[in-house]
Amino acid sequence: MVAKTLFGFEELLEKELVQLGAQHVKKGVRNVAFSGDKGFMYKANLALRTAIKILKPIHSFNVNNEQDLYNKIYAMDWSPYLKPTGTLAIDATVHSDLFTHSLYIAQKTKDAIVDKFRDTDGQRPNVDLKFPDLKINVHIDRRKCTISLDSSGDSLHKRGYKTATNIAPINEVLAAGLIMMSGWDGQTDFMDPMCGSGTMLIEAAMIACNIPPNLMRKEFAFERWQEWDVELFEKIEESLLGKTRDFHHKITGYDKAPSAVAKAKENVKNAQLDDFIEVKHEDFFKTQKGGDDKLHMVFNPPYGERLNIDMQEFYANIGDTLKQNYPGTDAWFITSNLDALKHVGLRPSRKIQLYNAKLEARLVKYVMYEGSKKGKYMNKD
């Protein structure tokens, strides 16, 4: 199988797969290949935090032109996967100078499959882009074509707990990956001071409690497969639930927009995590850390892509608030406004290159020391 992920998360996903018990794990670019049985495919979809899709390759071959592609797909036996009266959807990715149009490749693949059924059964499957019985992925890299079954369906970032979002919501897989990269292990208090619709808070709580991220999903694509085994799936779900753990710290979110606070509370409630998460209507720049315990902070400040704010002043305020009001804090945030970073006025102890959607971004870490080290380490650049 192949688990797809975001650029920069390959190592996290590789580690997750190894911990979950995958065999023959091999890291690629934006993906990790592995092997496992049907039950492990169910488990991977339910439990992986940094995977976007789990694909199951069923055939690969070299292709020389469109007709060659059509002939080779037509030659495959599709009956184990789809009934003549079923529905299908095809998604193609192409990296090749021979083939340049992914939609055309998807169309050609569909033609070959439906023609085959029409010729052998006198009936043909229909296309259903929303709820197909079988979702097929065609991947062409130069001349090598791999045909896979998409076991996930909708992207795995759609966890199922979000009914409310704000104007620039962070993708759930991205949020989980950032939190894992920051080393958060549920052993301290956690805060997102600009929490928006609450994604970071919910992902942090699920990591702390070892709750599988995709328990709330309405459906996975494999539930429509001919070999769907509901008893096995329920057994795996139960075994994952048996591995959740207690959490004895606080997770807090602030947002200065009342609408964001309301949305975050709604999403936290949907995720059934209100026991662990508190969301407050606060302007981060007017707050300070409560108590002396260590605080772990991960957040996604506005980039100015969709929000009208003075970036220089805004990022300078982030630096000042951290420095003056949050001693004993490890603060991580992601931004794709690389110019604005210069105005934070603190030296990051780590910088990691990532992408947020198509935007190049940095995940940065600032360590706010207690007491005497403060003066030594917090000199402005």
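Tyr366 is found in strand β15 (residues 359–368); strands (E, at least two residues) and helices (H or I, at least four) are DSSP runs numbered from the N terminus. The model is predicted, so local features need pLDDT of at least 70 and side-chain atom pairs count only at pLDDT 80 or more, while totals for chains, interfaces and linings use all residues. Residues are numbered from 1 along each chain as its sequence is written, and side-chain values use heavy atoms, with hydrogens and water left out.

At 1% relative accessibility, Tyr366 counts as buried; buried means under 20% relative accessible area, exposed over 50%, and partly exposed in between (1.4 Å probe, protein chains only). Not counting residues up to four places away in sequence, Tyr366 touches Thr329, Asp330, Ala331, Phe333, Leu341, Val344, Leu346, Arg347 and Pro348, where contact means heavy atoms within 4.5 Å. The C-alpha atoms of Tyr366 and Phe333 are separated by 8.8 Å, and the two residues are 33 apart along the chain.

**Domains and cores**

The domain assignment of the chain gives domain 1 (2–150) and domain 2 (172–211 + 221–376); such bounds come from an automatic or database assignment. Their centres, taken over C-alpha atoms, are separated by 33 Å. The contact between them takes 30 residues from domain 1 and 27 residues from domain 2.

The largest nonpolar core has 50 residues, and those with the most contacts inside it are Leu17, Phe34, Ile54 and Ile147. A nonpolar core is a set of buried Ala, Val, Leu, Ile, Met, Phe, Trp, Tyr and Cys residues joined through side-chain atoms within 4.5 Å. This core draws at least three residues from each of domain 1 and domain 2. A second, separate core of 41 residues includes Leu6, Val173, Leu201 and Ile251. Leaving aside neighbours within four places in sequence, Ile54 is in contact with residues including Met1, Phe34, Leu48, Leu149 and Leu156.

The end C-alpha atoms of residues 40–151 lie 12 Å apart, and the span is 34% helix and 32% strand.

Five of the five residues of strand β10 (residues 251–255) are buried, so β10 is largely enclosed by the rest of the structure. In a regular strand the side chains alternate between the two faces of the sheet. In β10, Ile251, Gly253 and Asp255 point one way and Thr252 and Tyr254 the other way. The pairings of β10 are tabulated below; two strands pair if DSSP finds at least two bridges between them.

| Partner of β10 | Sense and bridges | Bridge partners |
|---|---|---|
| β11 (residues 277–281) | parallel, five bridges | Gly253 and Val279 |

β10, helix α8 (residues 258–270) and β11 make a right-handed β-α-β unit. Right-handed here means that, with the strands pointing away from the viewer, the path from the first strand over the helix to the second runs clockwise.

**Helix α6**

Helix α6 (residues 199–209) is largely enclosed by the rest of the structure, because 11 of its 11 residues are buried. Among them are Thr199, Glu203 and Cys209. The buried residues of α6 pack against α5 (172–181), β9, β10, α8, β11 and β12 (295–299). Just after α6, Asn210 takes a positive phi of about 55°.
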